[in-house]
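Please read the following account alongside the sequence and the three-dimensional structure.

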Amino acid sequence: MITLRENYSLKKHNSFGIDARTRYFAETENESDLVNFIRHNPVPELSVMILGAGSNILFINDFEGLIIHPNITGIEIIKETPDFITVRVGAGVNWDRFVEWAVKKNLGGIENLSLIPGSVGAGPVQNIGAYGCEVSEVIEQVETIQIADGSKKEYHNDECGFGYRTSIFKTDLKDRTIIHHVVFRLSRKPILKADYGGVRDRLKKYNSPNIADLRKVIIEIRNEKLPDPEKIGNAGSFFKNPVLKDEEFRVFIMNHPDAPNFMTEQDDFHKIPAAWLIEHSGWKGKRVGNAGTYPLQPLVLVNYGNATGKEIYELSEKIREDVFNRFNIMLEREVNLVGINS
Ligand code: EPU
């Protein structure tokens, strides 16, 4: 079934809780309806945007186009070997429900990504990551429909252009393709990944911990540090952690020897926590009108009440400016902006 609504409020469709409107909003529940709708698009002159659960997006203005919300559900096992299980999951499945499903079956690979808000279809777009894991490590392929003609195309992992919080779906293919299913390869012999700060320590209270225990620990840490979007509007980390090349890094660390930093997988690159830069620019826990930074994790911008998208955007610009003036580093946004050229 396809539901097409006009002049529709997006307040319930973005985790910031911004009351922006879209000219049209189309919701489809299965793949063939989605293809049909695209082939017979009633408003072909309008620009199209794909919206999953809206947990990584900031609406700065109303959207004068057509939003397609693919709400395809279902988790289907398509292959089993002694070591792995391949599952095909609908883009509209809630991400954490899928993690819960996998952990209950003792299938490893996504337990570190517990409690990340959003839908399965959004996972590959920004290559969600947390506590030492990225979703690209377990994605086998991404199944899409081309908006131009409704044709189907599958992207194997190595065609997805995965990087730190990015992929081809966020760059070259943005608003040109709709993800309808994602195929994952999960391990039947899970290996715990507990090296990220704090995780191993917390696991000590369990005797020979399994992935269910790891999931509990990750949920505990996230609940302590990150605001629940159901209670305080937010979209997780608003900025990416900046990555500095060797030379830049040497200058930076000479001037700020107390700054935490981590080597990345690529040689010669150093990651600096944006949270630290923001805190040391005086923005931790600050509030401007209805918008602010979360006191326990200033990398997360929050909507304390009825903030408009503009208020949150303006706050983010002030933070970028201050961080740049103090550290000579320009923070890059992780969240997608709608309604502004950026
Ligand atoms: N820090 C501060 N002040 C603070 C909080 C943190 O200086 O108030 C510094 C500390 O040095 C700390 C470091 O920041 O060690 C890292 O903090 P944290 O472990 O909370 O992680 P993060 O780098 O701030 C990233 C992801 C999160 C993910 C966590 C855990 C990005 C942009 N963010 O945050 O992802 O949950 O690691 O893996 O990479 C998201 O993408 O929406 C998200 C929440």
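Glutamate 317 is partly exposed, with a relative accessible area of 28%; here buried means under 20% relative accessible area, exposed means over 50%, and partly exposed lies in between, for a 1.4 Å probe and protein chains only. The partner of glutamate 317 in a salt bridge is arginine 333, and their closest N and O atoms are 2.3 Å apart. A salt bridge is counted when a side-chain nitrogen of Lys or Arg is within 4 Å of a carboxyl oxygen of Asp or Glu. Because glutamate 317 lies in helix 8 and arginine 333 in the loop between helix 8 and strand 20, the pair ties together parts that are 16 residues apart in sequence. Helices (H or I, at least four residues) and strands (E, at least two) are DSSP runs, numbered from the N terminus. Arginine 333, at 15% relative accessibility, counts as buried.

The model is predicted: local features need pLDDT of at least 70 and side-chain atom pairs count only at pLDDT 80 or more, whereas totals for chains, interfaces and linings use all residues. Residues are numbered from 1 along each chain as its sequence is written, and side-chain values use heavy atoms, with hydrogens and water left out.

Side chains of opposite charge can pair when their charged atoms come close. A search of the whole structure finds 24 salt bridges. One of them joins glutamate 334 to arginine 165, with the closest N and O atoms 3.6 Å apart. Glutamate 334 is in the loop between helix 8 (309-327) and strand 20 (336-338), and arginine 165 is in the loop between strand 11 (152-156) and strand 12 (177-187), so this pair ties together parts that are 169 residues apart in sequence. Glutamate 334 is buried at a relative accessible area of 5%, and arginine 165 is buried at 14%.

Arginine 202 and glutamate 224 form another salt bridge, in which the closest N and O atoms are 2.7 Å apart. Arginine 202 belongs to helix 4 (residues 199-203) and glutamate 224 to helix 5 (residues 211-225), so the pair ties together parts that are 22 residues apart in sequence. Arginine 202 is partly exposed at 24% relative accessibility, and glutamate 224 is partly exposed with a relative accessible area of 45%.

Where does isoleucine 272 lie, and is it buried or exposed? Isoleucine 272 is found in the loop between strand 16 (269-271) and helix 7 (274-279), and at 0% relative accessibility it counts as buried. Leaving aside residues up to four places away in sequence, isoleucine 272 touches Asn241, Pro242, Leu244, Phe249, Phe252, Pro260, Asn261 and Leu277, where contact means heavy atoms within 4.5 Å. The C-alpha atoms of isoleucine 272 and phenylalanine 252, which are 20 residues apart along the chain, are separated by 10.0 Å.

The protein as a whole contains 8 helices and 20 strands. Its radius of gyration, 20 Å, is close to the 20 Å that the globule rule gives for 342 residues, so the protein is as compact as a globular protein of that length. This radius is taken over C-alpha atoms, and the globule rule is 2.2 Å times the number of residues to the power 0.38. The C-alpha trace spans about 60 × 50 × 40 Å along its principal axes. Of the 342 residues, 50% count as buried. Among contacts between residues at least 6 apart in sequence, 61% join residues at least 24 apart.
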